[in-house]
Number of protein chains: 2
Amino acid sequence: MEELVKATVIVELKDGVLDPQGQAIQQLLVQRGYSQIEQVRVGKKVEFELSGVSVEQGRTMLAEVADKLLANPIIEQYRIELE
Amino acid sequence: MEELVKATVIVELKDGVLDPQGQAIQQLLVQRGYSQIEQVRVGKKVEFELSGVSVEQGRTMLAEVADKLLANPIIEQYRIELE
């Protein structure tokens, strides 16, 4: 049986980059009475299952995928978590 | 100085619920040569800063927010992580 490598890539806006979606959610929540919510920032969590690769190969592959396709390097940062 | 409570809400599709967005990404990646990528599932990571609440009040508030506004309880599950 082939073993699957499970990995998660978290993509977030870099510190200091405005998050209009987060601001919209924050304002909506304040309007609904959650005035203690000062800031909201939204990111993505992308889970992968990889077959036929080692953990290190998986990490290299997902760094490539994140650089090219998942994250916009101008405004976003990412991190890779492997199991 | 008032202390901020930082919290993260992770929203994911429940196990067994189809993820068309993840499938589209997976197929694109296979087409681009990443044939070892068997499955992709996409979730949200929402970071909050709360003021004037205790950690326990923050947890209660965010469970309410997640139930009402962030997650669709039919197809999604969430978890709250507080610092």
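## Notebook: a predicted two-chain model

I opened with Leu82(B), which lies in strand E3 of chain B. I am working from a predicted model, so every value below is computed.

**Entry 1, Leu82(B).** I asked which residues Leu82(B) touches, leaving aside those up to four places away in sequence. I found Val5(B), Lys6(B) and Ala7(B), along with Val55(B), Gly58(B) and Arg59(B). I then checked Lys68(B), which is 14 residues from Leu82(B) in sequence. Their C-alpha atoms are 19 Å apart in space.

**Entry 2, the layout of chain A.** I counted two helices and three strands in chain A. Reading along the sequence, I noted the order β-α-β-α-β. The radius of gyration of chain A is 17 Å, well over the 12 Å that the globule rule gives for 83 residues, so chain A is more spread out than a compact globule. I also boxed the C-alpha atoms of chain A along the principal axes and got roughly 55 × 30 × 15 Å.

I looked at contacts between residues at least 6 apart in sequence, and 70% of them join residues at least 24 apart. Of the 83 residues in chain A, 42% are buried. For the accessible surface of chain A I noted about 4900 Å², with 49% belonging to carbon and sulfur atoms. I checked the charges too: chain A has 9 positive and 14 negative ones, and their mean positions are 5 Å apart.

Which residues have the most contacts inside the largest nonpolar core? I got Ile37(A), Val9(B), Phe48(B) and Leu50(B), in a core of 22 residues. From chain A, helix H1 (20-31) and strand E2 (37-51) each supply at least two residues of this core. H2(B) gives the largest share, five residues. I also noted a second, separate core of 20 residues, which includes Val9(A), Val11(A), Leu50(A) and Val53(A).

I went back to Ile37(A) and listed what it touches, not counting residues up to four places away in sequence.

I looked up Ile75(A) in the loop between helix H2 (55-70) and strand E3 (76-82) of chain A. Is Ile75(A) buried or partly exposed? Its relative accessible area is 32%, so I wrote it down as partly exposed. Ile75(A) touches Glu12(A), Leu13(A), Lys14(A) and Val17(A), again leaving out residues up to four places away in sequence. Asp15(A) is 60 residues from Ile75(A) along the chain, with 8.8 Å separating their C-alpha atoms.

I finished with Arg32(B), in the loop between helix H1 (20-31) and E2 of chain B. Arg32(B) has a relative accessible area of 52% and is over the 50% cut-off, so I noted it as exposed. Arg79(B) lies 47 residues from Arg32(B) along the chain, and their C-alpha atoms are separated by 33 Å.

Note on methods
Residues numbered from 1 in each chain as written. Chains lettered and ligands numbered in written order. Predicted model: local features only at pLDDT ≥ 70, side-chain atom pairs only at ≥ 80, totals over all residues. Heavy atoms only, no water. Helix = DSSP H or I, 4+ residues; strand = E, 2+ residues; numbered from the N terminus. Rg over C-alpha atoms; globule rule 2.2 N^0.38 Å. Buried < 20%, exposed > 50% of the residue type's maximum accessible area, 1.4 Å probe, protein only. Contact = heavy atoms within 4.5 Å. Areas by Shrake-Rupley, 256 points an atom, 1.4 Å probe, with all protein chains shown as cover. Lys, Arg positive; Asp, Glu negative; His and termini not counted. Charge placed at Lys NZ, Arg CZ, Asp CG, Glu CD. Core = buried A, V, L, I, M, F, W, Y, C linked by side-chain atoms within 4.5 Å.
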